[in-house]
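Hi there,

Here is the structure I promised to pass on to you. Please open it first, and then read my notes below.

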Amino acid sequence: MNKFFSLTGSILCFLFILTSCEETSTNNSSATTAGDREFADLQVLSYEVPGWDNLDDKQKELAYYLYEASLSGRDIIYDQRGKYNLLIRKTIEGIWESPEIDHNDEEWGLFRVYAGQVWFANGIYHHYSNDKFSPGFSKEYFVKLVKTADSTRLPLQNGETVDDLVAKLETIIFDATFMPKMVNLTAGIDNVRESANNFYEGVTADEVEAFYAGFPQSDHEPEWGLNSKVVKENGEVVEKVWKSGGMYGEAIDKMIFWLEKAVNVAENDQQKNSLQLLIEYYKTGDLKKWDEYNISWVKDTTSVIDFANGFIEVYNDALGIKGSFESVLSLRDFETTKRIKAIADEAQWFEDNSPLIPEHKKKEVKGISAKAITVIVESGDAAPSTPIGINLPNSDWIRKEYGSKSVSLSNIIHAYNESSASSGFLEEFVSDQAVIDRMKKHGNLASDLHTDMHECIGHASGQINPGVGTPDKTLKTYASTLEEARADLVALYYLLDEKLIEIGVMESLDVGKAEYDSYMMNGLMTQLSRLKLGDNIEESHMRNRALNAYWVYEKGKEDNVVEFITKDNKTYVQINDYEKLRELFGELLREIQRIKSEGDYEAGKALVETYGVKVDHELHKEVLDRYESLNLKPYKGFIQPRLVAETQDGKVVNVKLEYPSSFFDQMIEYGKNYSFLPVAN
């Protein structure tokens, strides 16, 4: 499975930074303070959209329609991440907007933090750990808020009273044992029943797997189950398809409305065809039409305005079947594209020279369209927490026969890098000043190249043996981790190759060494700052980095390739042999590709469970203590730019780009303008 969103290991080492917070006046007496940009374990940044003013009027109009289509699907991700998320979000919005509420109350600040967490995570489960949030305010205070709020602003249903709403919400929010985890990847349990996402209801993992085993399994079949919820009705397992007239139909119809407007201002016939196929897919729910759309979309390599919109990534499903709604609207970054294109142009060389078993290599790497993009807006599972690289489509057979699009989100990466100027992070976690100097000099390019290689070459490499079937089905709960580990390893293997100097994308192997230092430090140590003390690793990208780092650490012990050292009672990671480390990355890459190519579930499970899950709790505590001393937030996301259309006689005559400053105000604005789905009963 080739993932749409890939948060590379290296970039995380440079993201743990604080930026100054803008202060503006806001409505509803919620004055913007640090609490609007920094709260809980989160920091909210802004990004700019360079190149917008260079678009012509027709391109801006197209962007506006696709912007509206993106945001019109926002409710869907809330519902997908938990049956009661919309109920809670709309209750929060009702409380927030009620003039009767005292915002000077002692516990209001704690409620603000909880509201911010829910908005940031698209629901009541942490966007990374998947654990349900534990509110800092008391149950009594929450009851007071709901009962004080204007009842007409609350999501009351079918004659429901405020007391009924309170009783329902008390259990959902405050009972730590009620639906505690959005996706639970723990081994040895029923991962469907123990996950609180809204992809399944009343069914077991075995029933779901048996249900989809009955679908056609030939090489050219679509991603069965990608766009539906599985439930049991009258004792039978059935799908509720996400389409117009079906589940999520109200929001999908709004998306269709805006997509149909976009068709009329498409840049070219290929883009127009892609939009029409996407509309037909949303109208019918036909996954074969989704494949047709992806094939057409891959062929559109000339448009300046581009978009990804659909049910795409499967990380939020323990079985790796159900796609979360997400949308990324962008324009081409022509200058940065030169670097990633230089890599894509050598895709066959990278495949031919990889350390894979020969029969697992692609004989012909087709159609990698590589570019850098400038994001205009993100929605669904791509916001507020965003990827830095995109590679689509996920379908292996389409990638093999028609190619893929690989992109780097240049303005997002720039915003992250800008926020990292003076955090003190490297000085705290790197012991060697020469290594610090190298990472500061080459770190930004190193992480950019890792992203480029991960998305462009990593996800496009390797092939599946005939008859193995779809990797996400055969490797089950471990598929996402193994695919991300594989793509990371491709990048790491080649970042210390003279080929990258030869094609002009880096000046010396010091760039690769900077990335090795960053990746190993992150995988072995610093990413633990994202976990609560006592937790093991569950998120797929974190498992991927831990797997890669700990495997090469263990396999290289005899030659002391990588070691933990102690200075001044602090633990550091030190690389002693970069070339040997590269060889180890290549060995692990060969094994993970074998696992994927052959569908070796047991070997994949053993790798992930042995190296990617468990945490050294003493080291974890040390990392948390050192991290806290830096006063940094481990997670970052973004306020989205706003597009505003000026019309004359019902026609768009101008589209303005604006930069909102308040995250909380934007969430209230979105709640008013893009709330189309009913809440769950």
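Which residue in S5 is the bridge partner of Lys232? In S5, Lys232 has Val237 as its bridge partner. Before the rest, a word on the source: this is a predicted model, in which local features need pLDDT of at least 70, side-chain atom pairs count only at pLDDT 80 or more, and totals for chains, interfaces and linings use all residues. Residues are numbered from 1 along each chain as its sequence is written, and side-chain values use heavy atoms, with hydrogens and water left out.

A note on labels: helices (H or I, at least four residues) and strands (E, at least two) are DSSP runs, numbered from the N terminus.

Two strands pair if DSSP finds at least two bridges between them. These strands are part of an open sheet of three, ordered S3-S4-S5, with mixed pairing. Strand S3 (200-201) and strand S5 (236-241) are its edge strands, each pairing on one side only. Helix H9 (residues 205-213) lies across S3, S4 and S5 and runs at about 75 degrees to S5. For this and later angles, axes are lines fitted to C-alpha atoms, for helices over the stretch in contact, and angles run from 0 to 180 degrees between N-to-C directions. Contact, here and below, means heavy atoms within 4.5 Å.

S9 pairs with strand S10 (residues 404-409) in the antiparallel sense over four bridges, and Ile390 stands opposite Val407 in S10.

The crossing of H13 and H18 is right-handed, meaning that the near helix is turned clockwise from the far one by less than a right angle. H13 contributes Arg339, Ile340, Ile343 and Ala344 to the contact, and H18 contributes Leu445, Asp448, Leu449, Asp452, Met453, Cys456 and Ile457. By class, the contact of H13 with H18 holds eight nonpolar, three charged and no polar residues. In that count, Ala, Val, Leu, Ile, Met, Phe, Trp, Tyr, Cys and Pro are nonpolar, Asp, Glu, Lys and Arg are charged, and the others, Gly among them, are polar.

Backbone details to check

Most residues other than glycine have a negative phi, and most peptide bonds are trans. A cis peptide bond joins Ala383 and Pro384, with omega about -5 degrees, and Pro384 is in the loop between strand S8 (368-380) and strand S9 (389-392). The bond from Leu392 to Pro393 is also cis, with omega near -5 degrees; Pro393 sits in the loop between S9 and helix H15 (396-402).

Lys476 has a positive phi near 55 degrees and lies in the loop between helix H19 (471-474) and helix H20 (479-494). Lys476 is partly exposed, with a relative accessible area of 31%. Asn560 has a positive phi of about 55 degrees, and its place is in the loop between helix H23 (540-555) and strand S11 (562-567). Asn560 is partly exposed too, at 34% relative accessibility. Buried means under 20% relative accessible area, exposed over 50%, and partly exposed in between (1.4 Å probe, protein chains only).

Buried stretches

In helix H7 (residues 139-148), Tyr141, Phe142, Val143, Leu145 and Val146 are buried. These residues pack against helix H5 (85-97), helix H6 (108-121) and helix H8 (162-174).

Best wishes
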